[in-house]
Amino acid sequence: MGVFEEWNHRPCWSVVEAGSRIAEEQHSVDGGELMSVNWDGYVAFDPGGTRPLHEVTKREARAAFRRLMAAKDERVGALRQLLAQNGVVLSSEPEGLTALNDWFRSEVEGERATGRLLPVWYAVVNDLALFLGDAIIATSPDNLKWVMFDKGARDVAFQRHVIMGFSGVANPKYNVDIDFLVATYAHRIIAGEQVETDAFATWIEGAAAKA
């Protein structure tokens with residue numbers, strides 16, 4: 001499957017849309033029921049709302065975007081700490097991306113019957129997407145940036161945080177919805193599908209080629 005071929009439907013869940021489900025799952029983090037990962041001290045991002053972003057007003061969506069961007073460094077720090085206590089060093093270098101990808105593939109959990117991740121994993125997806133998005137932007141910082149996509153209500157990325165500014169494509173609306181990519185990748189893993197083992201590096205390289 002190509003790098004960005006799955007941008008044809010709205011994601012089932014995101015950290016914003018999961019909302020209270022993440023809070024409900026927090027007892028599993030605190031109580032140690034999710035045994036394969038050391039969750040000690042990990043707290044999920046609070047998006048400040050539970051409605052899907054394409055359903056809220058533009059003002060509410062912009063507030064959600066600003067809230068997420070303001071928390072971005074803190075969320076990457078939370079991911080870094082979570083990984084460190086599970087033996088993984090967070091890095092955008094090739095070896096680091098391989099280790100990150102391997103950890104995610106082996107640890108992500110969900111309910112195959114429903115196709116959904118366990119709620120806490122949507123929080124990890126959120127944090128991971130912010131890290132990978134920054135890694136994409138770092139390949140061409142003069143061009144690329146995080147934006148709230150507002151180019152059409154029918155677009156899958158409508159009012160979501162995406163990366164734009166790609167000069168190597170003709171479509172001015174072209175964007176990378178990295179949160180959607182990571183979530184879809186996770187859904188495919190829990191469904192038992194074969195997935196790319198180096199997806200994270202592939203996405204960064206693919207985006208950089210269009211920057």
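Colleague: Let's start with α6: how many of its 20 residues are buried?
Modeller: This is a predicted model, and a residue counts as buried when its relative accessible area is under 20%. The rest of the structure largely encloses α6, because so much of the helix is buried. The number of buried residues in α6 is 18.

Colleague: How far apart are the end C-alpha atoms of α6?
Modeller: Start from the expectation: at 1.5 Å a residue, the 20 residues of α6 should span 28 Å. The distance in the model agrees with that expectation. The end C-alpha atoms of α6 are separated by 29 Å.

Colleague: Which element gives the most residues to the largest nonpolar core?
Modeller: That core has 63 residues, and F104, W121, L132 and I178 have the most contacts inside it. At least two residues each come from α3, α4, α5, α6, β3, α7 and α8. With 14 residues, the element that gives the most is α6.

Colleague: How are α4 and α6 oriented to each other?
Modeller: Their axes lie 9 Å apart, and the helices pack at an angle of about 110°. Angles of 65 to 115 degrees fall in one class. Therefore α4 and α6 are roughly perpendicular.

Colleague: How many residues of the contact between α4 and α6 are charged?
Modeller: On the α4 side we find K72, R75, V76, A78, L79 and L82, and they meet V124, N126, D127, L128, L130, F131 and D134 in α6. Eight residues of this contact are nonpolar and one is polar. The number of charged ones is four.

Colleague: Is K72 buried or exposed?
Modeller: K72 lies in helix α4. Not counting residues up to four places away in sequence, K72 touches L130, D134 and W146. Its relative accessibility is 14%, so K72 counts as buried.

Colleague: How are α5 and α7 oriented to each other?
Modeller: The axes of α5 and α7 come within 9 Å and cross at roughly 50°. N101, F104 and R105 of α5 make the contact with V182, Y185, A186 and I189 of α7. Five of these contact residues are nonpolar, one is polar and one is charged. From the angle it follows that α5 and α7 are therefore oblique.

Colleague: Now for the loops. What is the distance between the C-alpha atoms of L53 and R160?
Modeller: L53 is in the loop between α2 and α3, and at 7% relative accessibility L53 counts as buried. Along the chain, L53 and R160 are 107 residues apart.

Colleague: What is the phi of Q159 near?
Modeller: Q159 sits in the loop between β3 and β4, and its relative accessibility of 4% means that it counts as buried. Its phi is positive, in a residue other than glycine. The phi of Q159 is near 65°.

Key
Residues are numbered from 1 along each chain as its sequence is written. This is a predicted model: local features need pLDDT of at least 70, side-chain atom pairs count only at pLDDT 80 or more; totals for chains, interfaces and linings use all residues. Side-chain values use heavy atoms; hydrogens and water are left out. Helices (H or I, at least four residues) and strands (E, at least two) are DSSP runs, numbered from the N terminus. Buried means under 20% relative accessible area, exposed over 50%, partly exposed in between (1.4 Å probe, protein chains only). A nonpolar core is a set of buried Ala, Val, Leu, Ile, Met, Phe, Trp, Tyr and Cys residues joined through side-chain atoms within 4.5 Å. Axes are lines fitted to C-alpha atoms, for helices over the stretch in contact, and angles run from 0 to 180 degrees between N-to-C directions. Angles under 35 degrees count as roughly parallel, over 145 as roughly antiparallel, 65 to 115 as roughly perpendicular and the rest as oblique. Contact means heavy atoms within 4.5 Å. Ala, Val, Leu, Ile, Met, Phe, Trp, Tyr, Cys and Pro count as nonpolar, Asp, Glu, Lys and Arg as charged, and the others, Gly among them, as polar. The expected span of a helix is 1.5 Å times one less than its number of residues.
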